[in-house]
Amino acid sequence: QVQLVESGGGLVQPGGSLRLSCAASGTIFSINTMGWYRQAPGKQRELVATISSGGSTNYVDSVKGRFTISRDNAKNTWYLQMNSLKPEDTAVYYCNANLKLTPWTLSRDFWGQGTQVTVSS
């Protein structure tokens with residue numbers, strides 16, 4: 001079975017930086033899109049950033065210029081570099097992968113367990 005394991009969350013002061021990592025393991029044929037989502041208390045989960053197999057990236061407006069998503073295809077791992085963090089970035093961050101288990105199956109979404117990011121002085 002496929003597992004997505006996140007790491008890198010924690011407590012940081014406003015203006016600080018964190019880097020999240022997500023590693024996918026298991027029997028994977030190909031990964032299409034890798035992404036990061038977040039959910040703050042009392043709010044719906046929102047997309048933060050995605051990166052396609054070809055390297056095209058997409059960001060929610062609130063993080064543009066501050067966050068950078070990248071991927072290492074050889075390691076089935078992707079990252080979210082978060083700079084100039086603000087208190088409103090506080091949330092549980094989830095990694096997501098749209099992938100195929102075999103050449104003959106449809107692609108589907110898998111999720112990590114979530115990692116807490118808290119931005120506070």
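Biologist: How many disulfides does this model have?
Modeller: The count is 1 disulfide. Keep in mind that the model is predicted.

Biologist: What rule decides that a cysteine pair counts?
Modeller: The two sulfur atoms must lie within 2.5 Å. Here Cys22 and Cys95 qualify, with their sulfur atoms 2.1 Å apart.

Biologist: Which parts of the chain does the pair link?
Modeller: Distant ones. Cys22 sits in strand β3, and Cys95 in strand β9, residues 91-100. The two cysteines are 73 residues apart.

Biologist: Why is the disulfide called right-handed?
Modeller: Read the torsion about the S-S bond. For Cys22 and Cys95 it is about 45°, so the disulfide is right-handed.

Biologist: Are Cys22 and Cys95 buried or exposed?
Modeller: Cys22 is buried, and Cys95 is buried too.

Biologist: Now the sheet. What holds strands together in general?
Modeller: Strands of a sheet pair through backbone hydrogen bonds, in a parallel or antiparallel way.

Biologist: What is the strand order in the open sheet of 4 strands?
Modeller: Going across, read β1-β3-β8-β7. The pairing is antiparallel.

Biologist: Which strands are at the edges?
Modeller: β1, residues 3-7, and β7, residues 67-72. Each of these pairs on one side only.

Biologist: What is the average twist from one strand to the next?
Modeller: The twist averages 15°.

Biologist: How many bridges join β1 to β3?
Modeller: There are 5 bridges, and the two strands run antiparallel. Strand β3 covers residues 18-25.

Biologist: Which residue of β3 stands opposite Gln3?
Modeller: Look across from Gln3 and you find Ser25.

Methods:
Residues numbered from 1 in each chain as written. Predicted model: local features only at pLDDT ≥ 70, side-chain atom pairs only at ≥ 80, totals over all residues. Heavy atoms only, no water. Pairing = 2+ DSSP bridges. Axes fitted to C-alpha atoms, helices over the stretch in contact; angles between N-to-C directions. Buried < 20%, exposed > 50% of the residue type's maximum accessible area, 1.4 Å probe, protein only.
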